[in-house]
Every structure is written in structure tokens, then in C-alpha cells.
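Colleague: I would like to learn how to read a model of this kind. Please take one feature at a time.

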Amino acid sequence: MNNAIFVEKDEFLYSQVAERLEQQIENNTLKSGDKLISLRALSKEQGISLSTAYKAYVALENKGYVEARPKSGYFVRYKSAQRPGKSEVPKPAAKLAEPDVDAIIKQVYRTLTQEGTVRLSTAVPSIELTPVAKLNKALMEAIRRSPHSCTQYEDIQGNQNLRKQIAKNAFNWNGNVTEDEVITTHGCMEAVSFCLQAVTKPGDVVAIESPVYFGIFNVVKNLGLQIFEVVSDPNDGPDLEYLEKSLETVPIKACLFVTNFSNPTGASMPDNRKKQLVQMLAEKEIPLIEDDIYGEMYFGKNRPKTCKSFDKKGLVMLCSSVSKTLAPGYRVGWCIPGKFFEKVLSNKIVHTVSSATPTQSAIGYFFETGRYDLHMRNLRKALHTQCLRYTQAITEYFPAGTRISRPQGGYVLWIELNAKINAFELFEAGILENISISPGQIFSTDARFVNYIRISFGAPFSPAIDGALKKLGALVAARLH
């Protein structure tokens, strides 16, 4: 017991020291090339052991902030000012857009199963970051605990224990819901689809952000709905002032936004803007479908809130899943649809009747035992480190003038290249080198993001990743001459 307390205290101390040094580097107090004080001096200055001081420097080294030089000590390697500026996105015209980019999407995603390809295009957890053994154990335990070995239909609303755990987890985003308000689904996109069907009919107009994950505008179009695109800032998300003006002239029936760490920009709407959005839509009784699939993947100390946490009228329909955080193949998602609960439940009964029993039970058990919280703490640390390492490599290898987003969570970097670059042509050139990226054209209905690419940092940084980014940078440079 005493050993456990000592280990916890040691980890707390080195994390604190590393965090303070990280802030000094980010604030430019410690500049690139500056030498850090010796381990012995740090130990004495901070009143910590030599091993704790060493762990603090190693933590910074792993994140790419500092580097150890033989017989010389530790030096600052990375600072925020070295990163390219934030990317900007062109505003769409105030009209409904509907060009087809399906052919580009299909060609891009045919490459995802190619052997030997470095997949910088897939925004899902790497197998190295997935607790496979613990998931297997949870699945076997769920089957063992079930009186019918998970072979029977699950409750139509969803596994009760899973819904209970989802309701408890809502505390993290300041939510106050019960298990009776939750409906489980096959992944997040099914939840989004059910919610859209509950509040619209074919021909209605739905506002979405731009750029946006292509799966979102595809599901909107496939339901026979019209799309109205709202420009999204890479830091703060959808332009609420633009949306507010548009509401006066465009018959928007519902809004669908990814409010935390959106794909592809990584944008996260500040909590005060979320509150503003909820109040704006509530005044006009317009439902908001909130895709919060990335909300748990934050790099800071606290989880960002959701729009749902500001909802007083039941107009916000929150959707999420474990597909991006834990197990894409389990297809476990859910929604909290507020006042539209009965309509969403009816849609589920019509389309799927019941969700898969074994995987729902397993994920419920995984939550219940605390394994999910532990996994997420480890995943967030890994993703933050990977984000910094990828950003550093892109800054080093890509031509001057390259601009990159600065996400505070999630999986992806949104990169603006020189205006001469065609992202889809770069994608084709990359495939010939066994490198897969996501060209910007697939993130809007009219393929407007011609010189943008999305790169996922979901895989741990490695020599293969480093080599792929270096080659990709060379391909970009070659197209500028």
C-alpha cells in the first residue's frame, strides 16, 4: 500500500514539473536551443529526487519539447512559435450547394486496405493504443455473466448497464441525464441518422459546418435533405454570426455540428460559444444534433462541455460512440435525444429493432470496472505527444508557408498547402510511394478545399511515419517548381 502511494506521489510530482516547463516553452520563456538546468540542479531547486527530475525531462523529450545531447544535457527543441499559423477556410456563398464528390471519396478509401501503406488518412485509434486483452476479457466476462450468453435480443432501448454507464459518464461534460434518456445505436453515424430523421423530412434544409467529415454530408444527402454550409474556424468551430444572419433568410430546420475537436480541422467550440449557439437555436425552436464522438479526447486538464449541457428545452440531441476512443469494430454508439426521444426510438425499432448484445454488454462492463477511464487517460497522453511529434516533423519537412491547425484534442491535423498544390494529385502521388493521406476535396460538398490535406496522428510516431512525412514534404516541394 505504501509503495502504491509513493508511486502515485512520484508520478504527480514529475508531471507537475514537466507541465510547468512545457508552459515556459510554449510561452517562449524558454526558447529553442536554450539549455535546461542539470538534473541535479533541478532536483535541488524543486525539492524532488533525481529519478523524478529525470522522469520530467524524459516526459518532455517524448513529447518532442526537448532533446538530450550526449555529455551536454537537455536542450529546448520545440516551441509553439515554430509551428505554422492557423489555416483559414474560404466562406461558402449564401446558397445551397450540392455537387457530387463521391467518386473522389471512393478512390481515396479504396486504398485503405493496401498492404505496406503508411496510413496517414485514417482517424481511428491505432491497434498499439487499443487495450485488446482487456477488451477480450470484458467480452468474455459479459458473456459469462449473461443468463443466455448474450445470444438473445437486447432491450430495444439498449443494454441497461451500458446506458447506466453512459449516463454516469455524462458527469464529465456537466451533463445531468439518466439511463432512461439514452438510446444505444450501431455507432455514432446511425445515431446521427436517427436524430436527423426524427426532426426533418425530405427537402428540408440542414446546416452543417464546412469543412466537415464526408460521412456527415453523405448521410444528410442520402436522407433527401438539402445542405447549407457554415464556415468553420480551425480554432473555434462554426461561425455563429454567419449562422445567425442566415437564419433570417434560409429555412433551416435543423443544425448538425461536431462541437469538440471536429474532423478535419480539429476545431473545438469554446464553452461560451456553445451556450450562445444553444440559446440562438432555442429562440427559433430549431433542433441541434451534436456529434460529440471526439469529446473525450482532450489534451488539457478538463473535458470540454457539450451543447447538451446548456440545453434547457430538450432541443439538443447528443450523439457519440466508442468508435474513435476504444473499439471501432464493436459498433457501439448512443444518443441522448431530449424531447425527440420517442421519435428516435421509433426509428431504431423500424431500422434495427435491437443493437448487438455481446458488444454492448462488454462495453458496459468495460465502463463499469473503470477500465475505460484508465484507457482514456493513457490515450489522451499518447495522442497529445503524437500530435506534437507529427506537427514538428511537418514543420521541418514541408515547404515554408505551409499552415497547420493547432488542435487541443482529437486525431487530426488540417494542413493548408501552397495554392499551386492540388491535394488530390498529391494523394495520387503519395499512393505511388505507399503513403495515404486525405485530400481536402472530400470534406465539402463542392470540393472547394483544393490545396488542403488532412493527416491523422492516431498511430504512434515511428521511423516509418517520419519517413512518410519527409517524403510527402518532398512531393509537395517538387510541385512548386
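Modeller: Start with burial: a residue is buried under 20% relative accessible area, exposed over 50% and partly exposed in between, with a 1.4 Å probe and protein chains only. Here buried residues make up 57% of the 481 residues. This is a predicted model, where local features need pLDDT of at least 70, side-chain atom pairs count only at pLDDT 80 or more, and totals for chains, interfaces and linings use all residues. Residues are numbered from 1 along each chain as its sequence is written, and side-chain values use heavy atoms, leaving out hydrogens and water.

Colleague: How many helices and strands does the protein have?

Modeller: Both are DSSP runs numbered from the N terminus: helices are H or I of at least four residues, strands E of at least two. The protein has 15 helices and 16 strands. Its radius of gyration (over C-alpha atoms) is 23 Å, close to the 23 Å from the globule rule (2.2 Å times the number of residues to the power 0.38), so the protein is as compact as a globular protein of 481 residues.

Colleague: What is the strand order in the open sheet of eight strands?

Modeller: Two strands pair if DSSP finds at least two bridges between them. The order is β4-β11-β10-β9-β8-β5-β6-β7, with mixed pairing. β4 (183-185) and β7 (237-238) stand at the edges with a single partner strand each, so one side of each has no neighbour in the sheet.

Colleague: Which residue stands opposite Thr 184?

Modeller: Trp 334 in β11 does. Strand β11 (residues 333-336) runs antiparallel to β4, and three bridges join them.
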